[in-house]
Amino acid sequence: MASATLLAVALTGGAVAFGAARDGGRPAPAAASAALDPGALAGADPDAAVAALQTQLKAQPKDHDGWATLGLAYVEQARTKGDPARYPQAQAALKRSLALAPGNDRAVAGQAALAAARHDFAGALAGADRALKHNPYDERALCSRIDALVELGRYAEAARAADTADARRPGIPVFTRYAYVHELRGDVTTARRVLQQALTGATSPGDIAYVAAQLGQLAWNQGDYKRALTQYARALAADDTYLPALEGRARARAASGQQAAAIKGLEAVVARAPLPTSLVALGELYEARGGAGDRERAREQYTLVQAWIALARANGVDADLDTALAAADHGDKAAALRAARAEWARRHTVHTADALAWALHVNGHDTEALAHAREATATGYRNASFLYHRGVVELATGHAKEGRASLAAALRLNPGFSPLGAADARKALEGAE
């Protein structure tokens, strides 16, 4: 039962694919003029940017750049608020821009970002390529292209795309993607070095919060909770409202044994943005605490995950990976497997391989699960949940020595990777020895 961690990991990967997602959370207020510049939009409050753009477009309804930027602002607003209902508004604004100026690269790049946000990564890649034909130096399109290739599991191409983007438009959005591509291939040293360099060069509170939170996540993945908490503290010193840092700090506190602080922190996070990753994490923390009413509190969080998934689907988001990860441990196991198979049919990534392996396992198909569990760890990506799942599947298929090694590796790498999964991993390892 490690879905909180898995979901966090998967959505971290997914967040990369959101285009602006790893660039977001920047608190600077947007003036009307800044709101018309997509570059400035990334550092703006999405609500203020949307309001300013709407006002501007009432006065100048044929401003195709303004409509394209409004579309991007809606995408950013959806991300920061966890509200997929913004996506149809984004789609309409981008469509309006293209009707006024067919083929304009700003709107096409916006369509790529919207496609990625809806987890249509093939569409995101096609859109990014179209935008780059018009403007090879479009930062958003360059980043969307990396994101799409990562989420399609085309890691070697993603690495080349990151090199290209670095050559054309070096900057924090590209650096963080460059680091993530290296992390996925097991090169944590390079990922950390690049992020440290990016943090050194960051000047705005939003950039500092964003990069420091990425460093915190990287440290947490390696089980270095002290360093993770230091980085999250730095992020929150720059922006005390930055949700990824607040969520990361809560998970690092949970792994460090600070259960009460972790629960309080995640309760505050889900009150602002009830996204699956934080809802599942909070539910598992309630279960791990095991106090009066905690089981019911946990079920409420898992129910909210299903509500979010339904809302996401209604607004054009492919939520199969979210469904597979959450339902395998906290919902309808058969539904988890159907969703995992559907996602695997669309894309082969380490995250989809792991989700399919675990969904197969919880449905009793361990022989089929084994190849996928091993595929999830084949790139060298250092992920304790993946190793835990692999170990359980290996034990179930009679590979006792390999199973013990995988479980031990998971607990050695990140012993607090999940409130429930880590405990289950220890039990499985003890039972196998």
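F386 is buried, at a relative accessible area of 1%; buried means under 20%, exposed over 50% and partly exposed in between, with a 1.4 Å probe and protein chains only. Before I go on, the model is predicted, so local features need pLDDT of at least 70 and side-chain atom pairs pLDDT 80 or more, while totals for chains, interfaces and linings use all residues. Residues are numbered from 1 along each chain as its sequence is written, and side-chain values use heavy atoms, leaving out hydrogens and water.

Back to F386. Its partner is Y381, and the two rings form an edge-to-face aromatic pair, 5.7 Å centre to centre with 70 degrees between the planes. For the terms: rings of Phe, Tyr and Trp (the six-membered ring for Trp) pair if their centres lie within 6.5 Å, and planes under 30 degrees apart are stacked, over 60 edge-to-face, the rest tilted. Y381 counts as buried because its relative accessibility is 5%.

How many aromatic pairs does the structure hold? There are 3. Another is Y388 with F417, which is tilted, at 5.6 Å centre to centre and 45 degrees between the planes. This pair links distant parts of the chain, 29 residues apart: Y388 is in helix α23 (residues 384-396), and F417 is in the loop between α24 (400-413) and α25 (421-432). Helices here are DSSP runs of H or I, at least four residues, and strands are runs of E, at least two, numbered from the N terminus. Both Y388 and F417 are buried. Together with W358 they form one aromatic cluster.

Now helix packing. The axes of α20 (residues 333-346) and α21 (residues 350-362) come within 9 Å and cross at roughly 150 degrees. Axes are lines fitted to C-alpha atoms, for helices over the stretch in contact, with angles from 0 to 180 degrees between N-to-C directions. That crossing angle is why α20 is roughly antiparallel to α21; the cut-offs are under 35 degrees for roughly parallel, over 145 for roughly antiparallel, 65 to 115 for roughly perpendicular, and oblique for the rest.

In the contact (heavy atoms within 4.5 Å), α20 residues including W344 and L337 meet α21 residues including L356 and L360.

The other helix pair is α15 (residues 243-255) with α16 (residues 259-272), whose axes come within 8 Å and cross at roughly 155 degrees. The crossing angle therefore makes α15 roughly antiparallel to α16. Among the contact residues are L246 and A250 of α15, and G265 and L266 of α16.
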